[in-house]
Amino acid sequence: MNTALTIAGSDSSGGAGIQADIKTMTMNGVYAMSAITALTAQNTTGVTGILEVSPEFLSKQLDAIFEDIFPDAVKVGMVSSSQLIEIIADKLKSYKASNIVVDPVMVATSGSRLIEDEAINTLKEKLLPLAAVITPNIPEAEILADMTIKDKEDMEKAAKVLVERFGCAVLVKGGHRINDANDVLFAKSMSEPVWFEGRRIDNPNTHGTGCTLSSAIASNLAKGCELVQAIENAKAYLSGALEAMLDLGKGSGPLAHNYAILN
């Protein structure tokens with residue numbers, strides 16, 4: 001069985017973060033492992049607390065994984081401080097990890113800020129250049145590319161700016177702010193951007209969609225898929241989880257990650 005590692009924060013409500021990643025990886029046919037960067041107290045209405053792990057403990061988690069069950073792919077999600085980002089970057093480099101998918105999580109679906117300003121600079125300098133692909137949403141792409149994104153042309157421009165800046169492939173996610181669910185991929189090896197058209201799904205419960213998509217991409221890369229196919233497979237899985245119309249919680253609820261096995 002192929003293996004995948006998620007490095008991210010824990011979501012006590014189970015809809016995003018480590019919990020969403022493990023569910024997604026399992027449903028996409030790989031063995032999931034985790035290194036937890038922080039505990040969060042959160043639910044579908046917001047985040048009420050974040051408790052970071054120490055750099056030393058995160059380092060121990062990563063050593064324990066890489067020295068025993070080496071992951072075929074790595075997904076990096078919420079990391080809120082510079083010190084932890086530096087630990088992750090150093091370990092991924094020293095162990096020569098491959099198929100690294102970075103979801104540059106900065107703001108939760110509920111609107112809660114999840115990363116320190118200083119950490120954004122460390123993310124840009126140390127972690128993003130190690131990625132096979134990064135998966136920013138519109139607000140995240142605006143921060144990383146230092147530009148405003150208002151339409152599809154801006155999405156393509158931002159993707160090209162980020163590829164030039166960090167050297168990795170970039171999937172800019174459209175979402176409801178610009179389009180239904182159309183995402184654009186660009187990489188150094190491409191002459192033109194590739195668009196992935198999403199199906200319109202009228203579901204207000206979108207907690208954890210970013211975590212789910214990036215984990216599904218990592219899972220498919222772990223199984224040997226090329227990047228474009230990995231993204232297509234991941235978007236199909238995400239659409240299925242949304243179409244199941246799970247409705248839990250008082251805010252933006254979680255996805256039905258296990259929709260394929262529901263009775």
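D183 is buried, with a relative accessible area of 4%. The cut-off explains the label: buried means under 20% relative accessible area. Keep in mind that this is a predicted model.

What does D183 pair with? D183 forms a salt bridge with K235. The closest N and O atoms of the two residues are 2.9 Å apart. Look at where the partners sit. D183 lies in strand β8, residues 183-186, and K235 lies in helix α8, residues 227-243. The pair therefore ties together parts that are 52 residues apart in sequence. Is K235 buried or exposed? K235 has 10% relative accessibility, so K235 counts as buried.

The general idea behind such pairs is simple. Side chains of opposite charge can pair when their charged atoms come close.

Now turn to a second pair. K173 forms a salt bridge with D103, and their closest N and O atoms are 3.6 Å apart. This pair also links distant parts of the chain. K173 is in strand β7, residues 169-173. D103 is in the loop between β5 (100-102) and α4. The two residues are 70 residues apart. Both K173 and D103 are buried.

E86 forms a salt bridge with K126, with the closest N and O atoms 3.8 Å apart. E86 belongs to helix α3, residues 82-94, and K126 belongs to helix α4, residues 117-127. They are 40 residues apart, and here too the pair links distant parts of the chain. How accessible is E86? E86 has 33% relative accessibility, so E86 counts as partly exposed. K126 has a relative accessible area of 36% and is partly exposed as well.

The structure holds 6 salt bridges. Among them are the pairs D183 with K235, K173 with D103, and E86 with K126.

Step back to the whole chain. Its secondary structure comes to 8 helices and 9 strands. The radius of gyration is 17 Å, close to the 18 Å that the globule rule gives for 263 residues, so the chain is as compact as a globular protein of that length. The C-alpha trace spans about 45 × 45 × 35 Å along its principal axes.

What share of the residues is buried? Buried residues make up 56% of the 263. Contacts also reach across the sequence. Of the contacts with a separation of 6 or more, 69% come from residues 24 or more positions apart.

Finally, consider surface and charge. The accessible surface comes to about 11300 Å², and 50% of this belongs to carbon and sulfur atoms. The chain has 22 positive and 32 negative charges, and their mean positions are 1 Å apart.

Methods. Residues are numbered from 1 along each chain as its sequence is written. This is a predicted model: local features need pLDDT of at least 70, side-chain atom pairs count only at pLDDT 80 or more; totals for chains, interfaces and linings use all residues. Side-chain values use heavy atoms; hydrogens and water are left out. Helices (H or I, at least four residues) and strands (E, at least two) are DSSP runs, numbered from the N terminus. The radius of gyration is taken over C-alpha atoms; the globule rule is 2.2 Å times the number of residues to the power 0.38. Buried means under 20% relative accessible area, exposed over 50%, partly exposed in between (1.4 Å probe, protein chains only). Contact means heavy atoms within 4.5 Å. Accessible areas come from the Shrake-Rupley method with a 1.4 Å probe; for residues, only the protein chains shown count as cover. Lys and Arg count as positive and Asp and Glu as negative; His and the chain ends are not counted. The place of a charge is taken as NZ of Lys, CZ of Arg, CG of Asp or CD of Glu. A salt bridge is a side-chain nitrogen of Lys or Arg within 4 Å of a carboxyl oxygen of Asp or Glu.
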